[in-house]
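Student: Please show me the structure, and then let us discuss it by question and answer.

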Amino acid sequence: MKRTNKEKPPPTDRTTRSKRVVDQSEVSNVEDSGGAPGAPSNTSKVTRKGRNAKREHVTVESEPETPVVKSVKKKNPPKDWEQVLANLREMRKDSDAPVDSMGCDKCQDETASPEVIRYQALLSLMLSSQTKDQVTHAAMLKLQQHGCTVDNILETSDQQLGELIYPVSFWRNKVKFIKKTTEMLKNEWSGDIPNTVEDLCKLPGVGPKMAHLCMKTAWGVVTGIGVDTHVHRIANRLGWVKSKSPEDTRKELEDWLPKEHWSEVNHLLVGFGQQICQPVKPQCAACLNNTLCPFGVTTMKKSNANH
Ligand code: SF4
């Protein structure tokens with residue numbers, strides 16, 4: 001049955017579209033990589049069946065359809081979190097990180113129709129998984145020059161689509177997911193994108209993190225915290241959560257962080273992770289939170305002991 005968002009009115013008009021979004025790993029939990037379009041694919045994976053049987057097949061998986069868990073209990077917030085948040089805002093006040101100018105909320109053709117803008121918001125999120133903002137932004141510009149609409153992408157060959165989005169990470173799998181998702185949008189959603197997290201998560205390659213970010217970017221509705229690797233890493237370093245996966249980080253954060261801060265936290269932490277709290281060698285000495293952050297306190301002690 002063809003579903004439309006007209007049956008269920010959009011939560012809000014898109015004129016209130018909010019800021020940034022970031023990447024991540026929904027479409028990347030597949031084996032894919034590097035080589036340029038036309039190069040032999042290395043998406044294959046060897047599996048064994050029986051004693052000697054080796055079978056090679058292409059693995060194309062979307063993120064498991066993780067149910068969207070609503071926060072039901074409120075944990076006690078971590079000590080000093082409000083001061084830490086204020087310091088983060090201070091360190092990010094210049095808004096000069098890559099995410100500020102090339103994040104997924106900066107990748108749409110604002111002159112297009114609302115449906116096309118929403119489609120481009122979803123595509124930019126799919127491309128952004130495990131990919132630098134600069135690369136995602138450049139790929140979206142190429143797609144827009146080509147014609148980034150549902151109908152046009154369906155008419156585009158996989159080969160050409162691959163050439164357009166290369167060199168985003170996992171580009172081969174992203175071509176497959178974009179094509180399958182675009183077909184579903186055409187056949188089941190009248191060419192628009194779904195307007196709930198639950199329905200967005202049914203699209204190939206779209207998981208909860210991407211869905212929450214898409215709701216914010218495309219529909220202007222905050223449904224949850226978008227947790228990518230930056231948010232996951234920094235929230236753990238700060239002692240805001242103790243979690244193994246971005247999805248667990250999202251649940252833990254939503255358990256105590258007041259909802260009015262959900263909208264800003266992704267953008268704030270992604271830019272902070274790009275500029276100061278990098279994955280390797282975070283600049284703790286320059287961080288305003290280095291006396292409040294457990295990771296920073298330890299790092300500073302070690303650094304002082306070595307001097
Ligand atoms: S003190 Fe270091 S680890 Fe902690 S938030 Fe600042 S840069 Fe990151």
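Tutor: Helices (H or I, at least four residues) and strands (E, at least two) are DSSP runs, numbered from the N terminus. The model is predicted: local features need pLDDT of at least 70, side-chain atom pairs count only at pLDDT 80 or more, and totals for chains, interfaces and linings use all residues. Residues are numbered from 1 along each chain as its sequence is written.

Student: Which element gives the largest share of the shell around the ligand?

Tutor: A residue is near a molecule if its C-beta atom, placed from the backbone, lies within 6 Å of it. Of the 15 residues around the ligand, those that come nearest are Cys277, Cys284, Cys287, Cys293 and Gly296. Two or more residues come from each of helix H10 (229-237) and helix H13 (294-305). The largest share, 3 residues, is given by H13.

Student: What percentage of the residues in the protein is buried?

Tutor: A residue is buried if 20 or more other C-beta atoms lie within 10 Å of its own, exposed if 12 or fewer, and partly exposed in between, with C-beta atoms placed from the backbone. The protein has 307 residues, and the buried share is 42%.

Student: Which helices do the buried residues of H7 pack against?

Tutor: Helix H7 covers residues 171-188, and its buried residues include Trp171, Phe177 and Leu185. Two residues are in contact if their C-beta atoms, placed from the backbone, lie within 7 Å. The buried residues of H7 pack against helix H3 (114-128), helix H5 (150-155) and helix H6 (158-165).

Notes:
The expected span of a helix is 1.5 Å times one less than its number of residues.
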